[in-house]
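Please examine the sequence and the three-dimensional model shown below. The paragraphs that follow lead from an aromatic cluster to the strands and then to a pocket.

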Amino acid sequence: MREGQFRVLNLSTTQLDTFEPMPSLSSDRVIRVKPSGDSQRILFTTADDQQNYTSGIFDLASGKVVSLIRQPTEPLTLVWSHDDKWIAGISGCESRNLILWDSRTGQEIGEFVSPVLSAQGHDEACMTFLDESRSLLIGSMHSVVTFDTQARSYKSLPPFRLAFTCRGLYASPDSRRVVL
């Protein structure tokens with residue numbers, strides 16, 4: 001398997017398919033792969049030798065890249081919304097901004113300064129969508145904040161402080177509980 005490829009195992013046939021999402025960028029390394037909630041699409045990130053990053057959405061049924069998201073730096077984290085309509089990411093540049101994309105088109109919806117991440121400048125961030133993708137919970141180091149995806153702004157609640165480092169966020173289906 002070359003660096004610009006990833007493999008998908010079909011469990012019903014035990015066939016291993018190799019995909020090269022962007023043949024024109026075959027020297028790129030696939031550094032991150034994340035399936036959509038319905039497992040029909042894969043969000044991937046590649047890096048070339050000059051540390052240029054591209055994320056894309058790969059459709060498993062067609063075997064083709066359906067949209068590309070160009071990024072100046074490696075994203076710290078990328079997550080799908082529960083309805084697979086949105087992709088949220090934290091930029092890897094010094095600002096650590098939150099970026100939202102439309103997953104169908106790859107078009108950037110907006111970039112938003114994070115009151116927690118940009119102030120702390122840490123290299124770790126975690127996110128999960130809540131309330132049928134109306135909110136996004138963002139954690140970094142010892143803080144958690146909420147972003148309203150409809151109003152496109154941070155909620156007025158102050159950041160929630162933790163006595164430990166937040167390394168992952170996973171919401172229950174009803175969004176009433178979050179595992180940290």
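**Aromatic cluster, strands and pocket**

Phe112 and Phe147 are both buried, a term that stands for under 20% relative accessible area, with exposed set at over 50% and partly exposed in between (1.4 Å probe, protein chains only). Phe147 has a relative accessibility of 0% and therefore counts as buried. The model is a predicted one, in which local features need pLDDT of at least 70, side-chain atom pairs count only at pLDDT 80 or more, and totals for chains, interfaces and linings use all residues. Residues are numbered from 1 along each chain as its sequence is written, and side-chain values use heavy atoms, with hydrogens and water left out.

A pair of aromatic rings is described by the distance of the centres and the angle of the planes. Rings of Phe, Tyr and Trp (its six-membered ring) pair if their centres lie within 6.5 Å; planes under 30 degrees apart count as stacked, over 60 as edge-to-face and the rest as tilted. By this rule the model has 2 aromatic pairs. In one of them, Phe112 and Phe147 are tilted, with 4.8 Å from centre to centre and 50° between the planes. Phe112 belongs to strand E10 (residues 108-112) and Phe147 to strand E13 (residues 143-148), so the pair ties together parts that are 35 residues apart in sequence. Phe147 also forms an edge-to-face pair with Tyr154, at 4.9 Å centre to centre and 75° between the planes. Phe112, Phe147 and Tyr154 thus make up one aromatic cluster.

Strand E10 leads on to a sheet. Strands here are DSSP runs of E with at least two residues, and helices are runs of H or I with at least four, numbered from the N terminus; two strands pair if DSSP finds at least two bridges between them. An open sheet of 4 strands has the order E7-E8-E9-E10, and its pairing is antiparallel. E7 and E10 stand at the edges with a single partner strand each, so one side of each is left without a neighbour in the sheet. Strand E9 (residues 98-102) pairs with E10 over 4 bridges in the antiparallel sense, and Ile99 has Glu111 in E10 as its bridge partner.

Another antiparallel pairing joins strand E4 (residues 41-47) to E5 through 7 bridges. Leu43 stands opposite Ile57 in E5. The two strands form a hairpin with 5 residues between them, and Gln51 in the turn has a positive phi of about 60°. Strand E5 (residues 53-59) is mostly covered, with 7 of its 7 residues buried. Tyr53, Ser55, Ile57 and Asp59 point one way from E5, while Thr54, Gly56 and Phe58 point the other way.

Ser39 is found in the loop between E3 and E4. With a relative accessibility of 44%, Ser39 counts as partly exposed.

On a 1 Å grid over the protein atoms alone, a pocket is an open set of points where a 1.4 Å probe fits, with protein on both sides within 12 Å along at least five of seven lines; lining residues have an atom within 4 Å of a point. The largest pocket is lined by 19 residues, of which Lys34, Val79, Trp80, Met127 and Thr128 lie nearest its centre. Strands E3 (29-35), E7 (77-80) and E11 (126-130) each supply at least two residues of this lining, and E11 gives the largest share, 4 residues.
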